[in-house]
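Dear colleague,

Please find below the sequence and structure that I am handing over to you. A short account of what was found follows directly after them.

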Amino acid sequence: MALTIPDSLREAVLDALAVVLPLACAGCDVDDRALCSGCRGQLQPRPFARPLDDGTPVWAALAYDGVPRRAILGLKEQGRTDVARALAVPLWSAVSSSMLQVGSSVTGSVELAIPPVNRASFRRRGYDPVRLLARAAGLPRPVSVLVNLHERASQKTLDRAQRAVNLVGSMAASRPLKGRSFLVLDDVVTTGATLAEVIRSLRDGGAEVVGAAVLAATPRHSLGLSSELEISRDIDA
């Protein structure tokens with residue numbers, strides 16, 4: 001039987017821990033919380049979907065702005081692994097929504113695939129944020145079936161066209177994938193260039209790609225939904 005901890009008790013425990021392990025909220029910088037209750041409320045998932053240019057549906061749980069953006073950047077750029085469990089909840093919701101849409105259209109199991117880690121980024125962080133989030137969400141372990149063919153320039157300062165050029169042909173399947181089905185998992189979608197390259201690489205390897213799920217999408221994606229794919233988690237499939 002699951003144990004439910006009252007909010008008042010939870011806050012008291014956090015107050016006690018804050019004396020020994022002082023923190024600042026990753027969402028608003030208030031003292032003594034990894035994520036304060038107000039910022040946790042901003043991470044409630046509201047899954048939505050939009051297609052990539054090739055029609056592949058991408059489900060996201062959050063818009064990548066405000067508190068979600070600050071919390072994700074904390075995880076990726078500031079070593080704030082203490083927010084992983086809170087971010088894992090919306091990620092699980094995006095994956096669940098994606099698989100609900102897939103339904104019975106795919107026979108056999110669906111595996112999780114993620115972009116191959118950039119070695120320089122991994123050395124800098126010491127962990128892969130997407131794998132960390134997947135583990136925190138209790139998802140099946142993503143399989144390593146893709147490799148980087150060459151190191152890519154940072155995507156941060158590139159526009160949409162430059163990102164696509166930077167990534168095209170940069171990945172490949174490490175083994176034949178015929179007969180296997182994958183859901184692509186990532187943390188954030190901006191232009192969709194990374195997801196498109198992952199999907200191309202999987203399909204070139206012979207795999208079927210049923211869709212993609214991400215923790216958050218940039219506002220231009222969340223505001224530009226395809227009407228036929230805008231599905232709330234509150235609507236029956």
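Please note first that this is a predicted model.

I begin with the pairing of the strands. Strand β2 (residues 57-63) runs parallel to β7, and five bridges join the two. Within this pairing, V58 has A212 of β7 as its bridge partner. Strand β7 is also paired with strand β6 (residues 181-189), again in the parallel sense, through eight bridges. Here S181 is found opposite E208 of β7. Between β6 and β7 the chain passes through helix α8 (residues 193-204), forming a right-handed β-α-β crossover.

How enclosed is strand β7 (residues 208-217) by the rest of the structure? Nine of its 10 residues are buried, so β7 is largely enclosed.

Strand β2 has a further pairing, with strand β1 (residues 48-51), which is antiparallel and comprises four bridges.

A separate point concerns S93, a residue of helix α4 (residues 84-102). Is S93 buried or exposed? Its relative accessible area is 9%, which is under the 20% cut-off, so S93 counts as buried. When neighbours within four places in sequence are set aside, S93 is in contact with P45 and P47.

Yours sincerely

Technical notes
Residues are numbered from 1 along each chain as its sequence is written. This is a predicted model: local features need pLDDT of at least 70, side-chain atom pairs count only at pLDDT 80 or more; totals for chains, interfaces and linings use all residues. Side-chain values use heavy atoms; hydrogens and water are left out. Buried means under 20% relative accessible area, exposed over 50%, partly exposed in between (1.4 Å probe, protein chains only). Contact means heavy atoms within 4.5 Å. Two strands pair if DSSP finds at least two bridges between them. A crossover is right-handed if, with the strands pointing away from the viewer, the path from the first strand over the helix to the second runs clockwise.
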